[in-house]
Amino acid sequence: MRVLGIDPGLRNLGWGLIDVNGSRLSHVANGICHSSGTDLAARLLSLYDQLTDILNRYAPEAAAVEQTFVNKDGAGTLKLGQARGIALLVPAQFGLAVGEYSPNTVKKTVVGVGHAAKEQVAHMVKVQLPGVELAGPDAADALAVAICHAHHARSTSMLADAVQRASA
């Protein structure tokens with residue numbers, strides 16, 4: 001299964017792709033979509049176009065997006081929410097179910113603690129995907145989201161299999 005992880009942002013939207021084969025994870029690609037344009041609509045459109053290109057090029061079978069948290073700057077939170085809408089919309093247009101995970105869940109899954117620093121996340125992504133060259137912190141976070149989704153999807157699948165066996 002090919003999984004796309006997305007770390008939404010209005011200026012920089014991180015993305016990372018991994019292949020999952022049982023418990024084996026392998027890196028496919030990662031990068032950062034940089035928004036361009038002078039107004040919000042143009043910046044959102046540039047993110048939409050870039051993310052659509054990534055899905056066309058790599059054909060993921062699953063996607064996951066990091067949830068955003070509300071901060072003190074209401075306008076900034078709203079803009080981030082709109083970028084997150086693009087991150088949810090594009091995979092949905094490709095027919096993918098999109099998982100959503102809180103930053104703490106991603107960190108706890110990848111690092112082992114929910115309040116890990118960005119450097120710790122990047123380090124553990126490198127440990128779990130040997131040889132990966134990270135395009136930057138946003139791409140590392142996106143790969144962490146993909147890894148988190150792979151682990152949670154596997155747990156959910158295993159639980160569903162166990163329930164099915166128990167009811168048989």
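Entry 1, terms. I call a residue buried under 20% relative accessible area, exposed over 50%, and partly exposed in between, using a 1.4 Å probe and protein chains only. The model is predicted, and I took local features at pLDDT of at least 70, side-chain atom pairs only at pLDDT 80 or more, and totals for chains, interfaces and linings from all residues. I number residues from 1 along each chain as its sequence is written, and side-chain values use heavy atoms, with hydrogens and water left out.

Asp 138 lies in helix α5 (helices are DSSP runs of H or I with at least four residues, strands are runs of E with at least two, and both are numbered from the N terminus). Leaving out residues up to four places away in sequence, I find Asp 138 touching Asp 7, Asn 12, Gly 14 and Ile 32 (contact means heavy atoms within 4.5 Å).

Asp 7 is in strand β1, residues 2-7. Its relative accessibility is 7%, so Asp 7 counts as buried too. With residues up to four places away in sequence not counted, Asp 7 touches Asn 12, Leu 13, Gly 14, Glu 66, Asp 138, Asp 141 and Ala 142.

In the unreviewed UniProt entry, the annotation "binding site" covers Asp 7 and Asp 138. They span 132 residues in sequence, but no two of their C-alpha atoms are more than 6.3 Å apart, so they gather at one spot. The "active site" annotation of the unreviewed UniProt entry covers Asp 7, Glu 66 and Asp 138. These are spread over 132 residues of sequence, and their largest C-alpha distance is 11.1 Å. I note that UniProt annotations may be inferred rather than shown by experiment.

I read about 420 Å³ of space in the largest pocket. A pocket is an open set of points on a 1 Å grid over the protein atoms alone, where a 1.4 Å probe fits, with protein on both sides within 12 Å along at least five of seven lines; lining residues have an atom within 4 Å of a point. The volume is the space filled by probe spheres set on the points, which are joined across faces, edges and corners. Which residues lie nearest the centre of the largest pocket? Of 19 lining residues, these are Asp 7, Pro 8, Glu 66, Lys 118 and Asp 138. The elements giving two or more residues to this lining are α3 (103-110), α4 (118-128) and α5 (137-167).
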